[in-house]
Amino acid sequence: MKSLATQRRKPVAALVLVVLVLSLIGALYAAVGSATKVQAVDAPNSAEQIALGEKLFVQSCSSCHGIGGVGTDEAPSLVGAGEASADFQLSTGRMPLTAEQAQAQERTPVFSDEEIMAISKYVGSLGAGPSNPTASQLEYENADLALGGELFRTNCSQCHNFAGEGGALSNGKYAPNIRNASPLQIWQAMITGPENMPVFSDQTMSDSDKQAIIKFVNHLDNEPSFGGWDGGSLGPVSEGLTVFLLVIGLLIGAAVWIGAKVR
Amino acid sequence: MSNAIGNFASGLDDRLTIASWSRRNIRKVFPEHWSFMFGEMALYAFITVLLSGIYLTLFFKPSMTEVLYDGSYVPLKGVHMSEAYASTLDISFDVRGGLLLRQIHHWAALLFVAAMSVHLVRVFVTGAFRKPREINWMIGLGLLMMGFLAGFSGYSLPDDLLSGTGLRIAEGIMLSIPVIGTYLSFFLFDGEFPGDEFISRLYGIHILLIPGVILALITAHLLIVWYQKHTQYPGKGKTNDNVVGYPVMPIYAAKAGGFFFVVFGVIVAIAGVITINPIWGYGPYMPDQITAGSQPDWYMGWLEGALRIMPNWETVAWGHTISWNVFIPAAVLMGIVFTLLGAYPWLERWATPGDQTKDHNLLDRPRNAPTRTALATGSLTFYFLMLIAGGNDIIASQLDMSINAITWVVRIGIFVIPPFVFWITRRICLSLQRKDRDLLLHGVETGTMMRLPHGEFEEVHAPLSEEAKAVILSKETIEPIPYPEKTDANGVKTPHYHLKKMQAAVSHWLYRDAVPLPSAAELEAAEHHILESAEKGAPVMHQMRQLEAEGGVMHDPSAAEADRAAGVTVPHLDAEFDQKAEDEKGQQAD
């Protein structure tokens, strides 16, 4: 203890303290953060929550979707859209819409986790629709990675690109980059088909297939880039640019250097 | 000892008799310029492709036999795939150095075609294809086409998703050829696409036939360059009948050898740090799969673009569909482009007046052939627009644009933008010619303003350096072929009148508007005038340089004041001005 008493006035003590406190906050945040996530999936339907959701819906959504989510000329009816759909749109920040564009843009969510859950429950209560998966449905760790890859290349890569980098659709619409999507978001997207995406319902794609795809997408982001920098995994276009801008550029530099007169 | 070596050497030469031949040839002179290195760059890239390719053949299995993958790449374990794809995975993950060699091979291949393309542009805009080098120009075009084929066949071999997609398009292009298309496709694929023969057939073509043809063409290309001697840029002492530069041994051989290592080093460095063609990500080829951003390698990108922007035109004739939407952009366009490229040297020669159809060993400066240079920039614009169309989905998704908008911009742009670029390039070239003429007549503007004792301001003009003058004077004044008369004085019809009229029209299109060089008399007068100006300015320039060396500023009044106060003078200048002032005073007094 005596040593601590002598050490604590040294300049390095402050640094150690800051690191310790930051780690503690980080650990707490990680623990609390993951806890809320599980809660969001498993929380029971409560009348209170739905009432809060309705209130928020009237405030922020009904101007386009109508009171009671029946739809207007501006936006579709949400009756039967389901909890999963509302949760996906709100948690990825696509709704509320910032501006009318070819399609809704991803951004930081406007609502808090609790508010999103409340609105989702409310939309879910409007009519039967796809609901959020249970925690056990989202357990993808034991899924078949190779099967996931095959399913991904058959069903997803034509729009989202082989590495999940996304790609263009017609008239300014696009398939987004999905490398950072959470397992819950991937699941929700598959069962609700947001924007231009087709729906992969339970009848067309089993839970284990969905888990395999989630495992593959998750793997895409964690796999090291084996050949070096991946150039955005965009295929031959970025490779061609590299050849002209970098390789030919460097070699012209070398040619000028070699051809330069000795002074 | 030295005697023994001497005996050995002379004994060898008695039998091979190459001493005089090599003595002459190792002293052969090559001119030097950085833009002459593109051909070499292509050659060294090809050597790199060849060497890395040999290593890959040791491990690649050109077979479409279906296997279950059991290598180190976990996400594909247990997936059905062709042996070709499995062995490419093995090269990437289980063969020592395999991935690096694969990437070297692919980067070097891209560079090979890229360097050839830039070389082609350089040869075109400097007129290096003119007589006597038309044949070598055509051999070069053959090399470029072989480069396309080599690249495309190599792109197709690994049998990954991208390979298969490319082959499917190639099959579609074959099918679009009227009458023979289906037969051709069935012949090549041994039945319906994809069949199980194609990879092994393509392999032989990729590693034997195409490299063999390329090597033969390269040999011919280089021998002709050696025999005809390299062209050179105009300059002091450089004429149509000499070559100014360095001898092969030791200088040029060292430079060229060094450049090989630079090219090889850059390729290996890029291959070591940047992924190319991550076939493990694409997965094995399955006809029902596709990935967004499926593109060919860059050199096929313009044809891909043409395919993408082509309207969907088809005609049904006697129960057969003719797919203009594929046939025109993919087959006809390529044919037209290469035919025009091959025909250009002969066309230009045909439309050039007789006295200019001699051998050309001195290169044109691009500005001195405005129409040709404008053709180059216009064609390049067309090419880049096609490339943009070929990458329209990547551009759309990366830059948040509408793919439809890009397609329409290019659809209209390919008819509007290249002519505009052609026109503006021609104007720029002619303006540069005018600038050259001004330089000859008025010298170089030094930017130094001189105030004469009576208050007049004048800019000091310096004479042009001998080198610059030689470069500008290298321009050949070419009068276009005159339009023919329909009948001669005796009323006899001119033979081939319409052909001759066309020839004259093309000739005017190529050579009209050229800014003539000043005549000899004008040049002499100009020289006198420039020298006078320079002489008048010399003391001022001298004073300025002296002041600069001392850290002073000439137009700084306070510095001048300080100088005067300190008694600093520039003696000869002050003396000259004092003299002038006195003279003037004297005149006034008179």
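**A helix pair and its aromatic neighbours**

Modeller: Happy to! Keep in mind that this is a predicted model. In chain B, α3(B) and α5(B) cross with a left-handed sense. Helix α3 of chain B covers residues 37-57 and helix α5 of chain B residues 98-125; their axes come within 8 Å and cross at roughly 155°. Since angles over 145 degrees count as roughly antiparallel, α3(B) and α5(B) are therefore roughly antiparallel to each other. Where α3(B) meets α5(B), the contact residues comprise 17 nonpolar, seven polar and two charged ones.

Now for the rings. Over all chains, the whole structure holds 37 aromatic pairs. One of them joins Tyr44(B) and Phe259(B), with ring centres 6.2 Å apart and planes at 65°, so this pair is edge-to-face. Tyr44(B) belongs to helix α3 of chain B, while Phe259(B) is in helix α10 (residues 248-273) of chain B, so the pair ties together parts 215 residues apart in sequence. Tyr44(B) has 9% relative accessibility and so counts as buried; Phe259(B), at 0%, counts as buried too.

Another edge-to-face pair is formed by Phe193(B) and Tyr285(B), whose ring centres are 6.1 Å apart with planes at 70°. Phe193(B) sits in the loop between α8 and α9 of chain B, and Tyr285(B) in the loop between α11 and α12 of chain B, so parts 92 residues apart in sequence are tied together. Phe193(B) counts as buried at 10% relative accessibility, and Tyr285(B) counts as buried at 13%.

Notes:
Residues numbered from 1 in each chain as written. Chains lettered and ligands numbered in written order. Predicted model: local features only at pLDDT ≥ 70, side-chain atom pairs only at ≥ 80, totals over all residues. Heavy atoms only, no water. Axes fitted to C-alpha atoms, helices over the stretch in contact; angles between N-to-C directions. Helix = DSSP H or I, 4+ residues; strand = E, 2+ residues; numbered from the N terminus. Parallel < 35°, antiparallel > 145°, perpendicular 65-115°, else oblique. Left-handed = near helix turned anticlockwise from the far one by under 90°. Nonpolar A, V, L, I, M, F, W, Y, C, P; charged D, E, K, R; others polar. Phe/Tyr/Trp six-rings, centres within 6.5 Å; stacked < 30°, edge-to-face > 60°. Buried < 20%, exposed > 50% of the residue type's maximum accessible area, 1.4 Å probe, protein only.
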